[in-house]
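Here's a quick briefing to read with the sequence and the model side by side.

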Amino acid sequence: MKKVILFIVMVIGANFLYGQNKAWQNIFGSIDAINPEYFKKLDELRTFKSKDPGMLISADGNTHIFRERSGKKYDKVIFKVGGQKLYAPAKVVYTRDKYPNRYGTRSITEVSVLPTGDIRFLSNDQLFCPGDAVGKKPGYQVANDKTIYNEDGSVHYAQQSHNYNNKTLYVREGNKRKNEPSFRFMNGSASIFGSYTLNHSALSPWIFDANFSAKQFGEILNRTPKGFYKGTPHIGKFMADSGEEYRGFFGPVAGMPQGSVLFRTSGNQSEWVLVVGGNIEKAIPARASEAPDLLQLQQQLSVAAYTGSGLFQDGARAAKYPYPELLGNYTSQPSNGYGVKYATTGDPTPGKELLFEVGIFKNGKLNGLGYRLTGTTNFWGSDISSKLVFNLYAEAGVFINGKLIDGREFSPGMFYGKSDTDQDRNIWAKSPVEGFSYIKNSKSPVDTFQFYEKVPYEQLGLRANAKVFVQNLNRWVPVFGISGDKKILLKGDNNNLVTLNKNIGDVYYESTTTKIVEVGCPKTKVVPRYKTVTQDVNWKDSKGRTILTEQDRSGYLKPVKLWTSKKEVLDRYETVACSICGGRGYIQRPTQEKQMYKIDFNDGDFYTKVSKALQAMGDGNATLFGTDEHMKFEAENFLQLYNNPKTRTYTDLKNYMNKLQYEWIRVADNSQIIYETFADVFYLIYQQHKGASYNFVNLMHKNSFDECLKIISKKYPEARSYLREVAKKSLNKD
């Protein structure tokens, strides 16, 4: 029997479960990181060679190009590169497979286009790149120092003449009308497109460079999984996909302070928000008139690079400073109002004192929402060979006259730069679970979109060295043991113990059990049988030859027999029962089996929240999961999103489907009910809007897609035929 539950999916704010399978995500989606896919696509755009013969469209109007000889020159070759249709006078080179296929022809294995003149966009004759920009060697790539243009005439990629720290600087500009990314990057490896290096960062490399911090060198536009940044390495605004806009100092977000105070607007609401480690820690209501003037802040900003020796000196002792990336200065000369300052001392003690402050100032001191970071460097011990120790101390919250009155204090310096520290450890963000000091940034090792059988807290069977996965921390946590009142205790991060309970959030446990399985074994086997025979042993010489000395009665010589021996020889083969399984045909072997469970704390809070949400919408009745009422409710919600042009976006619809998957696995009895409900909701949508139903299926979470499609095929064959037909048309179109 299906379980009665209270269930709701809120259409407004469906974005909150974006990337739910990762416990933590920067609200800006790693604003400093340039997506490696940009470099991959740029490499594709530069390369006029492909293993796909579909790269060639026509040559002088002839679409049967491969009937002509390889290496032939044409006046107008139309081809596709990186999804763009281009044309140019060119030579076409292709290779065929060595052996014919089943149709008796040899397939095309590679196609290359060598332009002999300018390459232009087919749509409007706009120059893509000059013909001499393409190298003459096989591979045919646009040279690194040549410019590629967008379809609207703007620069897509170019090398700048300025050299930054003896490294060639490149610029990638997107079509600004389409808000395509634009940024600068350095050649930090053998191939500027080959690997994703630290030099492929959008903001942080330019923090202490006065020239590139200025807007005159062009705006940086960088798209992240959460939105779009537009500005300089220090100042700009971030347009989130959720509709929120953040503006202010983003340099500290990308750089080592890993935090800032920003002005956020959402609809008619305005706030000052404190962001540390990618999380919003505090928000204070504000007036729209308080929004910072970005142009004015940029004009006030002063940036100075560090030019010292890079040595830390303390009397007679000196050592190379371990973190040169922290040395430099920038400030907006804050006195009253919103501002920032970052300062490190110069020689003879570079980096001995680091001071960073951002937020609301009054008379030059933080007075309001703010974030302060101080750093000191000292020698460890008194010996001349002692290593340098770097310490950081942070304060984040509300300040009055420079003193923190409401917020938190922490010391990220105990982890910063340490080689033995987990690189995925977020040392800045506030831990969501009391007793633990950090969360992990990496992808979740547990698929929280998957349905797992729930095991009651009291029935949790723990083995030695057991661990549990705490979703809010995005990591496995070791179990210390059982307390006197039979509560499970976890090992905290500061030599403390934390009681495992519902306040920690969703927790998973992987159980390992020994299971006896039957392994197939032949019932019979063939064995050899032997018999005993007698054999004469003759006298032989030193070379092994038989000595013939005795004569028989007929006068012939015969061997001299020394003695007679017995010998085992093969007699026959016989089929008998297998001695391993005794003729049963199988044997029993122990094997370890792992099973993931979700710990059930018997928490009714979730149902209470759902009940309140339903009542707020004017429906105080309970909803039965998987009933007609429930499925109609879900179908109407999806159609409401789909029929609204503002929410008919991939992001909104995908987030909504992820939300369904996540919530359903929390409340459904088993995974089969989830698959069946998805199929039934799909059919309700199909009956009202076929196009919407196609999107509903395609955006379904991978954990439910295959099983749901099987149910649709059996239960709703006409709808399955429609999906198959649309999929074929989509493939032919591409």
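R120 and D118 make a salt bridge, with their closest N and O atoms 3.9 Å apart. Keep in mind that this is a predicted model. R120 is partly exposed at 28% relative accessibility, and D118 is partly exposed too, at 37%.

- A search of the whole structure turns up 20 salt bridges. As a reminder, side chains of opposite charge can pair when their charged atoms come close.
- E271 pairs with R264, and here the closest N and O atoms are 2.6 Å apart. R264 counts as buried because its relative accessibility is 13%, under the 20% cut-off. E271, at 23%, counts as partly exposed.
- R408 and E281 meet through their side chains at 2.5 Å, N to O. This pair ties together distant parts of the chain: R408 sits in strand β28 and E281 in strand β19 (residues 279-285), 127 residues apart. R408 is buried at 15% relative accessibility, while E281 is partly exposed at 23%.

**Strand β23 and its partners**

- In a regular strand, side chains alternate between the two faces of the sheet. Strand β23 (residues 328-331) has G328 and Y330 on a covered face, with N329 and T331 on an uncovered one.
- Strand β20 (residues 302-305) runs antiparallel to β23, and 4 bridges join the two. S302 stands opposite T331.
- β23 is also joined to strand β24 (residues 337-344), again antiparallel, by 2 bridges. Look for Y330 with Y342 as its bridge partner in β24.
- The hairpin of β23 and β24 has 5 residues between the strands, and Q333 there takes a positive phi near 50°.

**Other positive phi values**

- Most residues other than glycine have a negative phi, so the next two are worth a look.
- N401 has a positive phi near 55° and lies in the loop between β27 (388-400) and β28 (403-410).
- N474 isn't a glycine either, yet its phi is positive at about 60°. You'll find N474 in the loop between β32 and β33 (475-482). Is N474 buried or exposed? N474 counts as buried, at 2% relative accessibility.

**The 7-stranded open sheet**

- The strand order in this open sheet is β31-β41-β36-β32-β33-β34-β35, and the pairing is mixed.
- Which strands stand at the edges? They are β31 (454-456) and β35 (497-499); each has a single partner strand, so one side of each lacks a neighbour in the sheet.
- On average, neighbouring strands of this sheet are turned by 50° against each other, direction ignored.
- Inside the sheet, β32 (residues 467-470) and β36 (residues 507-520) pair in the antiparallel sense over 3 bridges. V470 stands opposite V507 in β36.

**Nonpolar cores and a surface patch**

- The largest nonpolar core has 58 residues, and F28, F250, F356, Y371 and W428 touch the most other members.
- A second, separate core holds 37 residues, including L641, Y656, A668 and L709.
- On the surface, V526, Y530, L570 and Y573 form a nonpolar patch with about 470 Å² of accessible area together. β37 (524-538) and β40 (561-577) each supply at least two of the patch residues.
- L570 lies in strand β40 and is partly exposed, with a relative accessible area of 42%.

Notes:
Residues are numbered from 1 along each chain as its sequence is written. This is a predicted model: local features need pLDDT of at least 70, side-chain atom pairs count only at pLDDT 80 or more; totals for chains, interfaces and linings use all residues. Side-chain values use heavy atoms; hydrogens and water are left out. Patches are made of residues with over 30% relative accessible area and no salt bridge: like charges are joined within 9 Å, nonpolar side chains (Val, Leu, Ile, Met, Phe, Trp, Tyr) within 5 Å. Accessible areas come from the Shrake-Rupley method with a 1.4 Å probe; for residues, only the protein chains shown count as cover. A salt bridge is a side-chain nitrogen of Lys or Arg within 4 Å of a carboxyl oxygen of Asp or Glu. Buried means under 20% relative accessible area, exposed over 50%, partly exposed in between (1.4 Å probe, protein chains only). A nonpolar core is a set of buried Ala, Val, Leu, Ile, Met, Phe, Trp, Tyr and Cys residues joined through side-chain atoms within 4.5 Å. Two strands pair if DSSP finds at least two bridges between them. Axes are lines fitted to C-alpha atoms, for helices over the stretch in contact, and angles run from 0 to 180 degrees between N-to-C directions.
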